[in-house]
Amino acid sequence: MTSTPTVLFVGAGRHQRRALRRVKELGVGVVAVDRNADAPGLAEAHVGEIVDFANVDSVAEVGRRHGVGGVMTFAADRAVPVVAGVAETLALPGIGTQTAHLMTNKIAMRRRLADAGVPQPRFAAIRHLREVRAAADAVGFPAVLKPADSAGQRGLFLVASVDDVERHLHASLAQSTDEEAILESYHPGLEVNGLLVARGGDVSVVTLSDRRRPPGAGFGVAVAHIYPSTLFGDALAEVERVGRSTVHALGLRDGIAYPQVIWGDDGVARLIEVAARIPAGQMDSVARYGVGVDLVEIALRQALGQSVPDELVEPERQQPMAISFLTAQPGPLPTGKLVRVSGLDKVLAFPGVVEADVYFQEGETIRPVQVDGDRRGYVIALGATNLEAVERAEAAARLLDVEVA
């Protein structure tokens, strides 16, 4: 960095701490806001303020008071429209409120992608029980029911009948700020997650990695990320094409995009989800360890309106790697009330492991994985191949000693 501006960082929870530290390492002042006074990232910032970031005007006032030169977030989907709104209010660089809406509201996104001809599941919007049958007729079964504007797999259900949709609709609507849900056709296949960088409308693919998911209630949660993808040839090229087309269709000209594409068992690549942010779930580590690309620096430069040179986006290397998350079934953790955790030193000493962490809370109850929040840590491992990397990460994860009542 050639100057020392200040950036407003929206969200300061546990998963934002790494990014906050990195921004400080890059020599930029940080003002962080979070509604939770105990948010651990507030202590990482140069200035931490307790603000409900659902209120754009309140967040903008903090930025105005501190004379910030940019505004950004990390891993927080609900912060994306806030960041865009604050940027417009303060005349700072941003992705624009319209693009932020398209990138965070699944119904608006689906309609725009349909207009652009991007392959995707069939879909229908639902606000009331009386709309369920018509939505089911349009979409068919099996299907996926989820909130129109939420993340982290909250309010997400795999449904097989009208009765299933009616049973779960209230829970999906409860997770939506707009009290709206979406029903989408379910397509089995391999999910490939992309990390893409848009610069002036040009889109660069940083990584394409496999997202392993469990069967059952937690079918949407990543239990492992594997780089590079096990997909290859024309299939991988089609996944990349769908990811790029999505970014262009939704109008993201400068920013980081996270398209999630299913390569279906029927040989069709469909856009399942997309986000305009560095994703959660350690996905930035896929770029960092896999190809040597620092997404936080790229996002920071774009927030400050600085150029992002090719050398920051182009891969430095191709290193097979994997992230295995610590979960109960299908992962290695037992279910029950937590008593004691030990053995992280053994995990870190396992061959190929470069990073691992746990985030248990004393007295909590570990349950089978259903949402992202059921993950209790992670292990990152490198290998000569992607399959060796994931075998190492999973073997190391089993060394953690977790005692439950």
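**Figure 1. Lining of the second largest pocket.** By class, the lining of the second largest pocket of this predicted model comprises 14 nonpolar, six polar and three charged residues. Here Ala, Val, Leu, Ile, Met, Phe, Trp, Tyr, Cys and Pro count as nonpolar, Asp, Glu, Lys and Arg as charged, and the others, Gly among them, as polar. The pocket holds about 400 Å³ of space. Its lining is made up of 23 residues, and those nearest its centre are Ile95, Asp254, Gly255, Ala299 and Gln302. At least two lining residues come from each of β4 (70–72), α3 (80–89), β12 (255–257) and α10 (295–303). Helices (H or I, at least four residues) and strands (E, at least two) are DSSP runs, numbered from the N terminus. On a 1 Å grid over the protein atoms alone, a pocket is an open set of points with protein on both sides within 12 Å along at least five of seven lines, whereas a cavity is a set of points where a 1.4 Å probe fits but cannot get out; lining residues have an atom within 4 Å of a point. Grid points are joined across faces, edges and corners, and a volume is the space filled by probe spheres set on the points.

Residues are numbered from 1 along each chain as its sequence is written. As the model is predicted, local features need pLDDT of at least 70 and side-chain atom pairs count only at pLDDT 80 or more, while totals for chains, interfaces and linings use all residues; side-chain values use heavy atoms, with hydrogens and water left out.

**Figure 2. The largest cavity.** Two cavities of 30 Å³ or more are found in a search of the whole structure. The largest cavity has a volume of about 40 Å³. Its lining consists of Val192, Gly194, Leu196, Leu208, Val239, Glu240, Gly243, Pro259 and Val261. Two or more of these residues are given by β9 (189–199) and by α8 (233–249). Six residues of the lining are nonpolar, two are polar and one is charged.

**Figure 3. The second largest cavity and Ala75.** By class, four of them are nonpolar, three polar and two charged. Ala75 is placed in the loop between β4 and α3.

**Figure 4. Packing of helices α1 and α10.** The axes of α1 (residues 17–25) and α10 come within 10 Å and cross at roughly 65°. Axes are lines fitted to C-alpha atoms, for helices over the stretch in contact, and angles run from 0 to 180 degrees between N-to-C directions. Angles under 35 degrees count as roughly parallel, over 145 as roughly antiparallel, 65 to 115 as roughly perpendicular and the rest as oblique. The crossing of α1 with α10 is right-handed; a crossing is so named if the near helix is turned clockwise from the far one by less than a right angle, and left-handed if anticlockwise. Ala19, Arg22 and Val23 of α1 make the contact with Val296, Glu297 and Leu300 of α10, where contact means heavy atoms within 4.5 Å. This contact has four nonpolar, no polar and two charged residues.

**Figure 5. Packing of helices α2 and α3.** Helix α2 (residues 56–66) and α3 cross at roughly 55°, and their axes come within 9 Å. At this angle, α2 is oblique to α3. The crossing of these two helices is right-handed. On the α2 side the contact is made by Val56, Val59, Ala60 and Arg64, and on the α3 side by Val82, Gly85, Val86 and Thr89. Five of the contact residues are nonpolar, two polar and one charged.

**Figure 6. Packing of helices α4 and α5.** Helix α4 (residues 97–104) packs against helix α5 (residues 106–116) at an angle of about 100°, with the axes 5 Å apart. Accordingly, α4 is roughly perpendicular to α5. Gln98, His101, Leu102 and Thr104 of α4 meet Lys106, Ala108, Met109 and Arg112 of α5. The contact residues divide into three nonpolar, three polar and two charged.

**Figure 7. Two cis peptide bonds.** The peptide bond from Phe141 to Pro142 is cis, with omega near 0°. Pro142 belongs to the loop between α6 (132–139) and β6 (143–147). Gln329 and Pro330 are likewise joined by a cis peptide bond, with omega about 15°. Pro330 is found in the loop between β15 (321–325) and β16 (336–342).
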